[in-house]
Structure formats: structure tokens, C-alpha cells
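User: Could you walk me through this structure, one question at a time?
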Amino acid sequence: MAQLTIGILDGDDIGPEIVPASVRVAKAAAARTGLEIDWRPMPIGRSALDSHGTTMPEGTLEQLTTMDGFILGPIGHRAYPKVNGAINPHPILRKHFGLFANIRPTRSFPGLGALFDDVDLVIVRENNEGFQPDRNVVAGSGEFRPTEDTTISVRVITRPGSYRVARAALELARTRRRKLTLVHKNTVFKLGCGMFVEECYRAAEEFPDVVVDEVIVDTFAMRLLRDPQTFDVVVTTNMFGDILSDEAAGLVGGLGMAPGLCIGEGNIAMAQAAHGSAPDIAGKGIVNPYAMIESTRMMLEWLGHNRGIDKAVAAARLMQAATVSALAQPETRTGDIRGTADTEGMTRAILAAIEKKDSHVQA
Ligand code: ATP
């Protein structure tokens, strides 16, 4: 029996280019470490609308519930036709699986056009509350228009939501440089950000080994550009985290360098790059597969630790070494990061590095 069962959801636009690339890389690494994975492709998004009459087919959610994790390609829901069944699957997945923590690392590599050579930080973004109107209420929308000239956007902050995302960030900090920065604006949002900060400090009481500090969000946006090296793990509310993680990606080469992992209440993990479906570059073969491959790697690593599967941790390590080696040469990285390779060329270079006889395999 396979040690892990993982769903494959290609998504839209560039999704069918980068998700299969990620699966190929993960399969190669798993084969080298002897990790058995049962891969289950499932329909979602625009292609599912054509084949199943809905972007979120019945059965997809139920099947995912039985799995250890899944790869979700980018979803281009804004371009869906206005028909029944064309819904945005994101909030459904995040809510259904209680994926409240979106872990978005930013790391610089030499030669890619990063603004600094030594950035290594992770933004942990609360994922199910905040200002995002498509997911901060059980029914209806967190945004409404009582009169033609007035729109009200509701921001939801809860104690349990703040506490649990803070805990996830603290646990992550413990595996890194043991520093956590709380990013908020409690000077203005005295109640909302105030509650968030209170709960972060409450969670931090259980992590005396992690040093906690706090920075007001606008100052943080500036400091991220001036001295990003001073940050290790950052925890913040939903919309601040969304914006700041794209800013952070800009420091290290752009959205192709922005991976992400969503984790939450259950044991399931969702690999999801921070970038969108980039329709402007879809089908041209030029997409940077790094963010999706790295998201997949993060999922394997997380599942390996969570389930105590050493072979999964070893496969993740192998993927990381191979990806870093491909990033090191212009011939094996894509144009957005100062390379000359196409998506396939970069993927093949990563595969070749995994398959090299002397690649470090340690389960
Ligand atoms: P969303 O709102 O769904 O996050 P978005 O409108 O912010 O999407 P993206 O789809 O994330 O836009 O892409 C923004 C731009 O970044 C794209 O036009 C594309 O040029 C670039 N980009 C995004 N992802 C990649 C990638 N993997 N490789 C190369 N360039 C990318």
C-alpha cells in the first residue's frame, strides 16, 4: 500500500504546465528514496466546467477528503463564463479543509536578479478570515452595498483564528531561527488587530524559546524592502499577508519564485503557489515552474514530518537540492529569473539532478 495518497488538480491557464512538471519532479524524487505515492488526478476549474458542467465537480471534494494532501494549480476564476456551475473553488477548499495557515517562504538565490542575496523569511498568512469577503462568512459575502453609493467590506478577526495561525507560525519558527514578527495595525484597528496581537502573545507563552517582536504593517512594507534579512517568520492577517508576500516575492525575482503551502485543522496539506494563473504567459512554455515545484516539495516535507515518513522528508530534500542546482545556471532556469531555459528545460534539469547517481539520498 502507498505511504501517501496525493491529489493532482491542474487548475487553469499555466496550471496544466506547472502542475504536471511538479508531479514529475516529485515522482522522480520519490522513486529515488523508495517513497510510494498513490497519485490521483482530479477535475477542477475551467476544463472541469467543460467536462463535468462545473468548476468544482461533485466527488472532487469527497475524494480529496480521503487523501493526505493535494496539489492545487492556479485558478483563473475571474475569466470563468457567467454560467451556473462556474464557481471559484478556492474558498470552498480552504473552508472545507480548515486550511487556516498559508505558509509563503521568500528566499533569494544568486544571479536571479534578487534585490538582496541573503533573504530567507516566511510569511504565515491567516487564510480564512480577515477582509476576504469570499471566505469570511458562512453564507453570503463579507462585502455588500446598502445603497448605490456605499459599499461596506467587513473584516473578520476571531480569537481562535488568530491563536491557531500564531501557533502554526510559532511551530515553524521553532524549526528555523526562532524569531517571530507580528505584523498588524493595532494603532488604528484597535479591536481587530488588537485581538490578533493579544492572541499571538497568548500563543507565544507556550513557545518561550521563540523571540517575538511586532512591526506596524506600513513600516513592515518599508522594512521588507530595506532590511528583509532581519526577518525570519512573520505572522499576519489575511489581506496584509496576501499583499506583503507578493512584495516579498518581488525582492527575489518575482511571482515565479513564490511558493506556498496551506495547512490547517486536519492532517491534510495543500500545495499552492502564491501566484495566480497568469493567462498572459499561458501556453508559451515560458512559465517558471519553481513556485509550484517548491510548493509540492514543501507539502512532501510537511507530510513526512507530520506522518513520520522519513522517505518523504528525504524526497523533499532531494527535490530541494536539485531545484537549487537548476537555479544556479542561466541555461537551466527560465527567463523571468535571468535564464534562457523554457519550462520544460528547467524541469528536465531538475529531473536530471535528481536522477544523478551521486545525488544525496538519505531516508
Ligand atoms: P491572482 O489575483 O489570481 O493572484 P494576478 O492577477 O495577481 O493573479 P498572476 O497570475 O499571479 O496575477 O500573475 C501576475 C504576473 O506575474 C503574470 O502576468 C506573469 O507575468 C507573472 N507570473 C506569475 N506567475 C509566474 C510564473 N510562475 N512564472 C513566470 N511569471 C509568472
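This is a predicted model: local features need pLDDT of at least 70, side-chain atom pairs count only at pLDDT 80 or more; totals for chains, interfaces and linings use all residues.

User: Is Thr236 buried or exposed?

Analyst: Thr236 is found in strand 10 (residues 233-236); strands here are DSSP runs of E with at least two residues, helices are runs of H or I with at least four, and both are numbered from the N terminus. Buried means under 20% relative accessible area, exposed over 50% and partly exposed in between, with a 1.4 Å probe and protein chains only. Because its relative accessible area is 0%, Thr236 is buried.

User: How far from a polar atom of the Thr236 side chain does the backbone oxygen of Val183 lie?

Analyst: The two residues belong together in the sheet too, as Val183 stands opposite Thr236 in strand 10. From the backbone oxygen of Val183 to a polar atom of the side chain of Thr236, the distance is 2.8 Å.

User: In which sense do strand 8 and strand 10 pair?

Analyst: Strands of a sheet pair through backbone hydrogen bonds, either parallel or antiparallel. Two strands count as paired if DSSP finds at least two bridges between them. Strand 8 (residues 179-184) and strand 10 have four bridges, and their sense is parallel.

User: Which residue of strand 9 stands opposite Val183?

Analyst: Strand 8 also runs parallel to strand 9, joined by six bridges. Five of the six residues of strand 8 are buried. In strand 9, the residue opposite Val183 is Val215.

User: Which are the edge strands of the open sheet?

Analyst: The sheet has 10 strands with mixed pairing, in the order 2-1-3-12-11-4-5-10-8-9. Pairing on one side only, the edge strands are strand 2 (37-41) and strand 9 (211-216).

User: At about what angle to strand 8 does helix 6 run?

Analyst: Helix 6 (residues 192-204) lies across strand 8, strand 9 and strand 10. Axes are lines fitted to C-alpha atoms, for helices over the stretch in contact, and angles run from 0 to 180 degrees between N-to-C directions. On that basis, helix 6 runs to strand 8 at about 165°.

Technical notes
Residues are numbered from 1 along each chain as its sequence is written. Side-chain values use heavy atoms; hydrogens and water are left out. A polar contact is a pair of N or O atoms within 3.5 Å; within protein, one must be able to donate a hydrogen and the other to accept it, and residues adjacent in sequence count only if both atoms are side-chain atoms. Contact means heavy atoms within 4.5 Å.
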